[in-house]
Amino acid sequence: MGPVALPELSAVYWRPRLDVRSLVRAGRLWTLSTVAQVVPFVGFAIFLAVAAPVTLPVSLIALVHAWMIPELYAARGAGVVRPRPGTVDAAESRALGMLADLIDRRAYELHQRSGLVLERGALGVWLIAQAGAVLIRPGGRRVHCYCVAVRERDLPGPDRVAHLLLALRCDEAGFATVANLAFSGAAWRLRRRLPKRARVGLDAGLGLARSR
């Protein structure tokens, strides 16, 4: 029996099904797009510094803009794993218990410390959050951040994580196809923008990805 395709794929029928080749291509296109936005600011800064040294402050402002462009993209990527406001109630506790049934003890302990669930996949190492996921490619140098929401918005946080985890396990390539790419780039750049708690999960994922 072959893998089960996610029904949500029908809503994004125009997207080709993601595979390793298209994943690499998406990363390269993201890098090229970022470079295309950064280079004009750098070139403008160099031109001003050479042509009229008195405009050095303007050159520095242009360089700051060049630096901020990839930083803002990384901040958007970090947003997919930032925790959502929640309450500690009976529903939340039950949802947490159900999530614990889906993962092993080490993954559960990591979730308690970081708010993220670590899952190995064919495409790399995944970190699942309430509103998205981070894919760490083998080697740990590049990450892809995906924004993907659960339809039932009033679900407890652990339930949202469990829904995304089950979708990923059901059809990893389909999950990445349906999700919206929020950032693709260096792991170190993403780490700088993550909340301290989420860095624990990212570090664990990087360690696993580097050992593959």
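Start by selecting two sets of residues in this predicted model. From α1, take W30, T34, Q37, V38, F41, V42, F44, A45, L48 and A49. From α2, take V58, S59, A62, L63, H65, A66, I69, P70, Y73 and R76. The two sets meet each other across the α1 and α2 contact.

**The helix pair**

Now show α1 and α2 as axes. Their packing angle is about 165°, and the axes lie 7 Å apart. Because the cut-off is over 145 degrees, α1 counts as roughly antiparallel to α2. Check the hand of the crossing too: for α1 and α2 it is left-handed.

**The aromatic cluster**

Next, colour the aromatic rings. How many aromatic pairs does a search of the whole structure find? The search finds 5.

Zoom to W30 and Y73, one of these pairs. The rings are edge-to-face, with 5.4 Å from centre to centre and 70° between the planes. This pair links distant parts of the chain. W30 is in helix α1, residues 20-51, and Y73 is in helix α2, residues 56-78. They are 43 residues apart.

Is W30 buried or exposed? W30 has 16% relative accessibility, so it counts as buried. Y73 has a relative accessible area of 22% and is therefore partly exposed. The cut-off that separates the two is 20%.

F183 counts as buried, at 3% relative accessibility.

Show the three rings together. W30, Y73 and F183 make up one aromatic cluster.

**A charge over a ring**

Move to W67 and R189. What sits over the ring of W67? The charged end of R189 does, 5.1 Å from the ring centre.

**W126**

Last stop: W126. Look for it in strand β2, residues 125-128. Its relative accessibility is 0%, so W126 counts as buried.

Select what surrounds W126. Leaving aside neighbours within four places in sequence, W126 is in contact with V117, L118, E119, G121, A133, V134, L135, Y146, L168, E172, F175 and A176.

Then draw a distance from the C-alpha atom of W126 to that of L202. The two C-alpha atoms are separated by 9.4 Å, while the residues are 76 apart along the chain.

Methods:
Residues are numbered from 1 along each chain as its sequence is written. This is a predicted model: local features need pLDDT of at least 70, side-chain atom pairs count only at pLDDT 80 or more; totals for chains, interfaces and linings use all residues. Side-chain values use heavy atoms; hydrogens and water are left out. Rings of Phe, Tyr and Trp (its six-membered ring) pair if their centres lie within 6.5 Å; planes under 30 degrees apart count as stacked, over 60 as edge-to-face and the rest as tilted. Helices (H or I, at least four residues) and strands (E, at least two) are DSSP runs, numbered from the N terminus. Buried means under 20% relative accessible area, exposed over 50%, partly exposed in between (1.4 Å probe, protein chains only). A charge sits over a ring if NZ of Lys or CZ of Arg is within 6 Å of the ring centre and within 35 degrees of the ring normal. Axes are lines fitted to C-alpha atoms, for helices over the stretch in contact, and angles run from 0 to 180 degrees between N-to-C directions. Angles under 35 degrees count as roughly parallel, over 145 as roughly antiparallel, 65 to 115 as roughly perpendicular and the rest as oblique. A crossing is left-handed if the near helix is turned anticlockwise from the far one by less than a right angle, and right-handed if clockwise. Contact means heavy atoms within 4.5 Å.
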